[in-house]
Amino acid sequence: MCSADSTCSTSTPADRATPATCARSASWTGRLGHLADLGVDALWLSPFYPSPQRDGGYDVADYRAVDPRYDTLADFDALLARAHALGIRVIVDLVPNHCSSEHAAFRAAPAAGPGSAERALFHFRDGRGPDGSRPPNDWTSMFEGPARTRVTEADGRPGQWYLHLFDPSQPDWNWDDPAVREDFERTLRFWLDRDVDGFRVDVCDALVKAPGLPDRPRPTHGVIEPVDGVMPPMRDQEGIHEIFRSWRRLLDTYDGRGILCAGAWLPPERAARIIRSDEMHQAFNFPFLETTWQAADLRGVVDDSPAANDAVGAPTTWVLSNHDVMRHASRFGYDGAVELEHGVGADDPQPDRPLGLRRARAAAALMLALPGSAYVYQGKELGLPEATELPDEARQDPVWERSGHRIRGRDGCRVPLPWTEDGPASGFSTAADTWLPQPSDYGACSVAAQRGRPDSTLELYRTLLTLPRRYGLGEGTLRWMPSPPDVLRFTVGQVEVVTDFNALPVPLPPDAHTLVASEPLTTHVPADTTAWFTREAPTN
């Protein structure tokens, strides 16, 4: 379980291309030793369910099975047993806002016709205008374009429109229908009965829509703020809390061993409402993820997030990268007004990779000293950069096509990990090609290239994940210390943490012992560096 002082590693299942290029569960299970050696408490797996893979597995065709391109349920059970034997808990991804258009329930809906129970499972509506040729409302998709698609009725005539906040291949479930709620409770029980340790819940704040699905002329992207105190009609509606309470009651019948982690792009005070004592256990801290490499900005989020969560008695989480944003080793390699929202391609300004890696290491050392739980996106422990020169013809993200090739999307952070310096797919697969091509220099970032090297990012992470347990940082109390404007200085228990964001070096604390530093120290903490100190001699 990702408790108040734990670290969870996030991982993507093997190849998503063809059965011939997939790594099998032996590869999954064989890599668990890497996570155990790294010191993580839990593993979050992104969707591994049967899927046509139009959105990286987040278009689920069957919530209670394993995609045969990966493995079987028996293989998943073996992975789960091995993880538990290593002391690693396993969290699986739940995608309740939408399914795949190839899900059996949705395939039955068009043929069933308007007003049917099959269509009631989704948001089917008549169109506007005398012939219904205009969408029922003006909502836009998160992947660009309208959030409505029209179906052809059984008699061949244009018919009703269904809602999809994402791609047309991802129709939204109608959570006002009791049958939807009952079916997802069966899904929760299915995986809990197999002994999984919890669920990361994708886009959980979008399950319930405002009555009547009123117009919303503005698109919604990133952390969603209320306007005049009102949230958009498709996000953070009051009805979501009833759903989460029912799920919490269900999990509590399993001796309280499972957790629910909310994936909701909300400001701290709104996200905190989801993690009240009878709802979910944790929520991703997306405001922290979106914060720039600026001392004042980071301090603001570090203050605001625990304050909101403390009000409801919930722990705070910290995350720097995930499968939807540019890897922070590249994101922090930009200075000034560089447009990153639409992704980066080979013909765009490239990040300063040494600077980005230096800041990424410092940011990791800052994050892992904070009280609460930390989530480490796969490859972050390697300092892996974004694949910013990915060929456009290789892009898989649906937003690339839906935006008319204006938004390159998220593929750059989803390129498969390098495990070895050479060989097919840098050890990720036995096949030469992966579903997204790896950059030619990824082998130099691989696990094999970094293991045992004291100055490597991998070994830095190993230390950063070990020390918090020894010194009780995860459950400690943060206290700020006086510092210059471009420096953050705080204590958690007996550990003092200094992060220098400026070019001016910061003198080391007097009579202090260095526990770990993201860059070598002399008499000062240099720029873009975080260091941990203690007044007592370090313990082994």
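Predicted model: local features only at pLDDT ≥ 70, side-chain atom pairs only at ≥ 80, totals over all residues.
Residues are numbered from 1 along each chain as its sequence is written, and side-chain values use heavy atoms, with hydrogens and water left out.

Helices (H or I, at least four residues) and strands (E, at least two) are DSSP runs numbered from the N terminus, and two strands are taken to pair if DSSP finds at least two bridges between them. Strands of a sheet pair through backbone hydrogen bonds, either parallel or antiparallel. An open sheet of five strands has the order 12-13-14-18-16, and its pairing is antiparallel. Strand 12 (478-480) and strand 16 (513-517) each have a single partner strand and stand at the edges, so one side of each is left without a neighbour in the sheet. From one strand to the next, the twist averages 25 degrees. Strand 12 and strand 13 (residues 487-492) run antiparallel and are joined by three bridges; Leu478 has Val492 in strand 13 as its bridge partner. Helix 11 packs on this sheet, where it touches strand 13, strand 14 (495-500) and strand 18 (529-534). The direction of helix 11 makes about 35 degrees with that of strand 18. Such angles run from 0 to 180 degrees between N-to-C directions, and axes are lines fitted to C-alpha atoms, for helices over the stretch in contact.

Helix 11 (residues 353-367) also meets helix 14 (residues 457-471): their axes come within 10 Å and cross at roughly 10 degrees. The two helices, helix 11 and helix 14, are therefore roughly parallel to each other; angles under 35 degrees count as roughly parallel, over 145 as roughly antiparallel, 65 to 115 as roughly perpendicular and the rest as oblique. Helix 11 contributes Leu357, Arg361, Ala364 and Ala365 to the contact, and helix 14 contributes Thr457, Leu460, Tyr461 and Leu464, contact meaning heavy atoms within 4.5 Å. Six of these residues are nonpolar, one is polar and one is charged. In this classification Ala, Val, Leu, Ile, Met, Phe, Trp, Tyr, Cys and Pro count as nonpolar, Asp, Glu, Lys and Arg as charged, and the others, Gly among them, as polar.

A further open sheet is formed by three strands in the order 4-6-5, with antiparallel pairing. Its edges are strand 4 (124-125) and strand 5 (148-152), each with a single partner strand, so one side of each is left without a neighbour in the sheet. Strand 5 pairs with strand 6 (residues 158-163) in the antiparallel sense over four bridges, and Arg148 stands opposite Leu163 in strand 6.

Parallel pairing is found elsewhere in the model. Strand 2 (residues 42-45) is covered on both faces, with Ala42 and Trp44 on one side and Leu43 and Leu45 on the other all buried. Buried means under 20% relative accessible area, exposed over 50%, and partly exposed in between (1.4 Å probe, protein chains only). Strand 2 pairs with strand 3 (residues 89-94) in the parallel sense over four bridges, and Arg89 in strand 3 is the bridge partner of Ala42. Strand 8 (residues 259-262) likewise has both faces covered: Ile259 and Cys261 on one side and Leu260 and Ala262 on the other are all buried. Four bridges pair strand 7 (residues 198-201) with strand 8 in the parallel sense, whereas two bridges pair strand 8 with strand 9 (residues 282-283), also in the parallel sense. Cys261 stands opposite Arg200 and has Gln282 in strand 9 as its bridge partner.

Leu188 lies in helix 5 (residues 178-193) and counts as buried at 0% relative accessibility. Residues up to four places away in sequence aside, Leu188 touches Leu94, Phe199, Trp247 and Leu250. In the loop between helix 5 and strand 7, Asp195 has a positive phi of about 85 degrees although it is not a glycine; Asp195 counts as partly exposed at 33% relative accessibility.

A search of the whole structure finds zero disulfides, a disulfide being a pair of cysteine sulfur atoms within 2.5 Å. For Cys99, the nearest cysteine sulfur is that of Cys204, 18 Å away; Cys99 is buried, with a relative accessible area of 0%. For Cys413, the nearest cysteine sulfur is that of Cys445, 15 Å away, and Cys413 is buried with a relative accessible area of 0%.
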